[in-house]
Amino acid sequence: KFHIHPAVLEVARIFRKHDKEVYLVGGAVRDLVRGKVAKDWDLATNAKPEEVQAMFHRVIPTGIKHGTVTILFKGLSIETTTFRTEGTYSDGRRPDTIHFTHTIEEDLSRRDFTMNALALELPEQRLVDPYNGQKDIQNRIIRCVGDAAERFYEDGLRPLRAIRFASQLLFTIEPHTLKAIGPALTITAKVSMERIRDELDKILASEQPSLAFRLMETTGMLNLLLPELQACRGVEQKGFHQFDVLDHLLLSCDAAPKDKLQVRLAALLHDIGKPVVRAQDELGIWTFYRHEEVSAKLARTIMIRLKYPNALIDQVCHLISVHMFHYDENWTDAAVRRFIVRVGESALEDLLDLRRADTWGTAGREPPANLNQDLVDRIQEVLSKDKALSIKDLAVNGEDLALLGIPRGPVMGRILKELFETVLDDPEQNTKERLSYIAEQLYKKYQ
Ligand code: ATP
Ligand code: MG
């Protein structure tokens, strides 16, 4: 017997009291069979959505057209879908029609993989497994329900789901299923970016995203979804690097913390501009862009295409554009302060994570735990002192300068910036007397 949340069992008994069948389906059953705790509790039932709405006090009509409602019960949100099959798919994205059906077996036949086509009847916990999903789970195999080519042709997201599950669960894709991915890519090309991005996010949150990206490469999916990454294959790194740019990016991505999407993305894309830069070098084209700026620009284009939110795009591109720095013990305190200001206090931790991932991806093995410790200590030291790390921290403000007779506007802005530079170099100068004096001198000069 599996461990089912008591509130889910209570919900199941209410279905039963109304003479309705109810099954736990989807990822929850898969996770329970794997001996893991289930995350979300999805149910399938022969009750129609309106009937479910009548049975419970709080029901949200999340997808009534598809037969889905969400029951809110004792702190849980339980997605409940009426047994259904799907009509033909003419666009490779969603079925033209759906039909409610009477049996769980018919409902399971529309599901993508055998491991996802299991149902557990509640509350007595009888397992319904028409496609031998349990056996495939035990053997860690991802296999389409029915003919893989047909199933991928119906919904072009499924090949990417297969790859995502492979890296998430560390399962292998069964040969027929794997072979069907390449020919289905024209269908995958029609899938909305939002659905694709959701899968990419799950890949990036997995233990070893490189597994998925390597599968994407061998099936041709990488060239479709992230051609800029594919272009990094075979491009030599310079200096000490022993991997090509693609392997370096994948190793770096694996090495980034899996619970930090922004660092995983920055690691995956931090050298994405190198093929362009290398090609320019070869043609003798001179530009004043540093390679990390080119990478940041290209990363932005890619993330916009993938419809990532702007705040995340800014975060990732900023990390990429500041990722090159060469700390040594000769850095003055002023240099450390300038570094903090350039990176921004809120991005420091992510940048150090990115640097660690980059180092790991260069060496191909884990760097020592105390990597960058000296810099971290120096930063801590600077941050713990009385600090002026933004114009707001200056001992004078615009008000004070106005009282000295300096008019508000561009000149005042320029003076404030110079005062800030002065204080970055020498924090001792951050007193009202000193800064007022310097401001007056500057004003005379600028008048
Ligand atoms: P997780 O929630 O961990 O990502 P999951 O298996 O629950 O995994 P969902 O996307 O939540 O995945 O979908 C729930 C179930 O719906 C799946 O287990 C599968 O049976 C079915 N399903 C989801 N997407 C598809 C699809 N594109 N084609 C066929 N069946 C699908
Ligand atoms: Mg789920």
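Good morning. Please keep in mind throughout that this is a predicted model.

I shall begin with the strands. Strand 1, residues 22–25, is joined by four bridges to strand 2, residues 42–45, and the two run antiparallel. One pairing to find in the structure is Val-22, which stands opposite Thr-45 of strand 2.

Strand 2 also pairs with strand 5, which covers residues 76–82; here four bridges join two strands that run parallel. In strand 5, the bridge partner of Thr-45 is Thr-82. Leu-43, for its part, stands opposite Thr-80 of strand 5.

Which strand is joined to strand 5 by six bridges? It is strand 4, residues 68–73, and this pair runs antiparallel. Within this pair, Ile-71 has Ile-78 of strand 5 as its bridge partner. Strand 4 and strand 5 form a hairpin with two residues between the strands, and in this hairpin Lys-74 takes a positive phi near 45°.

Let us turn to the helices. Helix 14 and helix 15, the latter spanning residues 261–269, have axes that come within 7 Å and cross at roughly 165°. Angles over 145 degrees count as roughly antiparallel, and so helix 14 is roughly antiparallel to helix 15. The crossing of these two helices is right-handed. On the side of helix 14, the contact is made by Leu-249, Ser-252, Cys-253 and Ala-255. Helix 15 contributes Arg-264, Ala-267 and Leu-268.

Finally, I come to the nonpolar cores. Which residues touch the most other members of the largest nonpolar core? They are Tyr-23, Leu-24, Ala-119 and Ala-299, in a core of 95 residues. Helix 14, residues 245–255, supplies the largest share of this core, namely seven residues.

Leaving aside residues up to four places away in sequence, Leu-24 touches Val-29, Trp-41, Leu-43, Ala-119, Leu-120 and Leu-122.

Thank you for your attention.

Conventions. Residues numbered from 1 in each chain as written. Chains lettered and ligands numbered in written order. Predicted model: local features only at pLDDT ≥ 70, side-chain atom pairs only at ≥ 80, totals over all residues. Core = buried A, V, L, I, M, F, W, Y, C linked by C-beta atoms within 7 Å. Buried ≥ 20, exposed ≤ 12 C-beta atoms within 10 Å, placed from the backbone. Contact = placed C-beta atoms within 7 Å. Pairing = 2+ DSSP bridges. Axes fitted to C-alpha atoms, helices over the stretch in contact; angles between N-to-C directions. Parallel < 35°, antiparallel > 145°, perpendicular 65-115°, else oblique. Left-handed = near helix turned anticlockwise from the far one by under 90°.
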